[in-house]
Amino acid sequence: MTLYARSRRLPASLAALVLCPVVIRVLAGADWSVVFASLALGASIAVAATGLSGQDVDLDRTAAFGWFPRRLVHLVVLGALAVGVLLAVQASAIPAAVILRDGLGLVGLAGLAAFAFGGQFGWTFPLLWIVVALFAPHDPQGLYEVVAWPLQPADVAVSWWLAGTLFLLGTGVYAVAGARR
Amino acid sequence: MSVLRTEARRTIAPWLLFVLLAVGLGFFFLFSGPWSRDAVAWDLQWTPSVLWSRYLLSLLWPIIVCGAALQGMRDRRSGMEELLTTTPLPVGRRTAKVGLVMGLAAVVGYLVIVAVGLGQVIANDGRFTFTWVLPLLVGIASVVAGVAVGLAVGRLLPHPLTAPAAGVVALVVGVVLQIAGERGSSVEQAVPNRIALLSPTITQPSSPLVEPVLAVSIGQLCWLLGLAATGFLVLAARRWSAVLPAVVGLAVALPLFPASAADNFTDSTGAGKPVCDGPVCVTTLHADWLSTVAGPGKDALARLAKLPSAPTHIVETTDSEYVSHGPGDPTALVVRRDSYLLRGTTGRTLEYEILASAPVCSGAVTDSAARYVVASWLLGDLVTPPHADIYGPSMTTSMRDAWTKLRALPASEQLTRVAAARQAQQTCSGDPYALLTGASR
């Protein structure tokens, strides 16, 4: 377990995961809104996702145990922690459902990126999508709801569908196939 | 060439190019905003088109920095730095190739986006002046500086968290400085204009007639090129003297920059001067439009004359309707030729749109409905607006409701309500639709 944690750079990841939302929360101050919340969540999941693979993927594969549950638990716990920390630092200004949905989708994106580019690049998709979502203009409305799904209110159905699909897809391929070597 | 090809395949440069093009062109083509439908649209005039590409850098710059940081840590991350120090080839020569390939990818991506915009400007027969050249050079310098800073940061701190952190920091710095440069924003007071101009991006162009003043462009060029030189020097040889170019650039730029954001832009070509036919004036830029607008404009003024405090003349502005300009002259009716409502309209339709023109206040559909009901009342007949479909189905029903309620009243009461509604529209105070239907008195 200790070795696993060290090979996944868990100490640094966890510290950054906690630090990101706290710093952003403090900086945002009274202007705290869903924009900052999704930025904080995206940043903390992105930094935590830098540790989605070990030093040597080939060596890992020779292990005598199944990687599937480990990978799944790693990704899900990481997402749960990020959501938990954010819920803890924010003074309940943003509905928990929104943060939960964003957490699901972003974790999925992290898994997808790790699968596509390798573990140390797990941060690329979550961060890129958050940045694009923050800049997405509000017109046309339909496209805005798709691109900026992390910023939508909890009652926008399409954002839930997207987040859910990304979560299932991302955690699925990462848990089954692992990070790219 | 073959060295470049090898480097291109060993680096993430092709990916960077792909992401820049996908994000940049997607932003301009898939979404609509001031860049797609206003007088300052990126496909109408040369200078605004280039300025929009620099506005887009607020989105692209963090991506460039992030990608370059990722690339900058390649040697260390692959564990071969020690091996490379044993080779006789100087480190500068080797990193120069990586820098060249990454820089080329980013600059090519940026220039393709600029070229797509300028191609549309040529197709739309935009007014050509040379005022777009310097802003474009600043944009390229900004892209190169992004690559250099990213590579240098990646080389100095080869940790897996460096690249995402560099991206986030670049994003935050860019956005804060950009907002600080916007007149009237809350950050403007907190950050001096001279600091805001150090931004790798630029604020939204507020009018197609203005360009950054010479001192601003030259200063930004010095600062960004200094930053780029520092980045590349750090890459080649880690010495403290590497920060010198950035410091020199900063020292040249800061005194050049104007102290107030109001002096950042100028209209050097005089295209904003009015050309008039009686009470109807347009800008020199749109002088050919005067013959089209003069007739309907005069008719509209005549119809408005029956209202108290009616406007007495029409002026054309090219200022963006999405940027607040504060209260204007109440005797002037302001029109925008390049607003999507007016572009290409003539005769009675143009007169109708002129009668309905007012500042955009709340953006509510009922606000627009009220404007067109007032205009219809002045024309004497309920007319469906040419662009009614963009407001959604509630537009026509709201208009018909208000129209029937209004026409059921005695003539003097109709006049009072229309006058009150128009007053509310022009000053952005109160709810014009409620005033029209009598829901608020």
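This is a predicted model: local features need pLDDT of at least 70, side-chain atom pairs count only at pLDDT 80 or more; totals for chains, interfaces and linings use all residues.

Student: Which strands stand at the edges of the open sheet of chain B?

Tutor: The open sheet has 4 strands in the order β3-β4-β5-β6 of chain B, and their pairing is mixed. Two of these strands each have a single partner strand, so one side of each is left without a neighbour in the sheet. From one strand to the next, the twist averages 25°. The strands at the edges are β3 (274-277) and β6 (332-335) of chain B.

Student: In which sense, parallel or antiparallel, do β5(B) and β6(B) pair?

Tutor: Strands of a sheet pair through backbone hydrogen bonds, and the sense can be either parallel or antiparallel. Between strand β5 (residues 313-316) of chain B and β6(B) there are 4 bridges, and B:His313 has B:Ala332 in β6(B) as its bridge partner. The sense in which β5(B) and β6(B) pair is parallel.

Student: Which residue in the turn between β3(B) and β4(B) has a positive phi?

Tutor: β3(B) pairs with strand β4 (residues 280-283) of chain B in the antiparallel sense over 4 bridges, and B:Val275 has B:Val282 in β4(B) as its bridge partner. The two strands form a hairpin with 2 residues between them. The residue in this turn with a positive phi, of about 65°, is B:Gly278.

Student: Why is the pair of B:Trp35 and B:Trp52 called edge-to-face?

Tutor: The structure holds 15 aromatic pairs over all chains. In the pair of B:Trp35 and B:Trp52 the ring centres are 5.8 Å apart, and ring planes over 60 degrees apart count as edge-to-face. B:Trp35 lies in helix α3 (residues 34-37) of chain B and B:Trp52 in helix α4 of chain B, so the pair ties together parts that are 17 residues apart in sequence. The pair is edge-to-face because its planes stand at 75°.

Student: Is B:Trp35 buried or exposed?

Tutor: Residues under 20% relative accessible area count as buried. The relative accessibility of B:Trp35 is 4%, and B:Trp52, with a relative accessible area of 0%, is buried. B:Trp35 therefore counts as buried.

Student: Over the ring of which residue does the charged end of B:Lys306 sit?

Tutor: The charged end of B:Lys306 is 5.3 Å from the centre of the ring concerned. That ring belongs to B:Trp377.

Student: Is B:Asp125 buried or exposed?

Tutor: B:Asp125 is found in the loop between α7 (91-123) and α8 (133-156) of chain B, and has a positive phi of about 60° although it is not a glycine. The relative accessibility of B:Asp125 is 67%, and over 50% counts as exposed. B:Asp125 is therefore exposed.

Definitions and conventions. Residues are numbered from 1 along each chain as its sequence is written. Chains are lettered from A and ligands numbered from 1 in the order in which they are written. Side-chain values use heavy atoms; hydrogens and water are left out. Two strands pair if DSSP finds at least two bridges between them. Axes are lines fitted to C-alpha atoms, for helices over the stretch in contact, and angles run from 0 to 180 degrees between N-to-C directions. Rings of Phe, Tyr and Trp (its six-membered ring) pair if their centres lie within 6.5 Å; planes under 30 degrees apart count as stacked, over 60 as edge-to-face and the rest as tilted. Buried means under 20% relative accessible area, exposed over 50%, partly exposed in between (1.4 Å probe, protein chains only). A charge sits over a ring if NZ of Lys or CZ of Arg is within 6 Å of the ring centre and within 35 degrees of the ring normal.
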